[in-house]
Amino acid sequence: MRSFRTLILFLSFAIPATSTFLRAQSTPEAQAIRAVLDKQVVDWNRGDLESFATGYKNSPEILFMGSKISRGYAQMLDTYRNGYSTKEKMGTLSFTALEVQPLDDHFATVTGNFHLERTAAGGGNADGYFLLVVEKTPAGWKIVRDATTVPPKKAVQ
């Protein structure tokens, strides 16, 4: 009987939290944010870094944290250009496990996983995860902070 009460207590907290999370994923704001990321995938897979970068706010104040820290739109775009100078190095991008969490009417966070499908000559496949902060601007939702992490490759034993 005690474990049944514990289960009921757990569910009384878990179900509302899950319901709130699911509602947050289907709001017009979340859908608009996902549309920005969907467009980035299409632009990337076309090999168009200039269009891909329009998902970021064109501001000297944005911050990109990858293998190094880039500040400002121009430096972020240069980092992408240097790291992905050919279509082969760019590969095919996909995002999975996207979660949008509104913070208020003008800011939200997005977490997810990325996968780059590439040939060995292009650098091999790459996987990782990211945390974005997006801002609602007059031009739509734009990324203002990007913390992208690529876990270290496991040693072959």
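Two residues are in contact when heavy atoms of each lie within 4.5 Å. The structure is a predicted model in which local features need pLDDT of at least 70, side-chain atom pairs count only at pLDDT 80 or more, and totals for chains, interfaces and linings use all residues. Residues are numbered from 1 along each chain as its sequence is written, and side-chain values use heavy atoms, with hydrogens and water left out.

The protein has five helices and six strands, these being DSSP runs numbered from the N terminus (helices: H or I, at least four residues; strands: E, at least two). Their order along the sequence is α-α-α-β-β-α-α-β-β-β-β. Of the 157 residues, 32% are buried, that is, under 20% relative accessible area with a 1.4 Å probe, protein chains only.

The largest nonpolar core has 30 residues; such a core is a set of buried Ala, Val, Leu, Ile, Met, Phe, Trp, Tyr and Cys residues joined through side-chain atoms within 4.5 Å. Trp44, Tyr56, Met76, Tyr80 and Val110 touch the most other members. Helix 2 gives the largest share of this core, five residues. In soluble globular proteins, nonpolar side chains tend to be buried together.

Tyrosine 56 has contacts beyond four places in sequence that include Ile62, Phe64, Met76 and Tyr80. Serine 70, in strand 2 (residues 69-71), likewise touches Ile62, Leu63, Phe64, Gln75, Met76 and Thr79, leaving out residues up to four places away. Serine 70 counts as buried because its relative accessibility is 0%.

Conventions: Buried means under 20% relative accessible area, exposed over 50%, partly exposed in between (1.4 Å probe, protein chains only).
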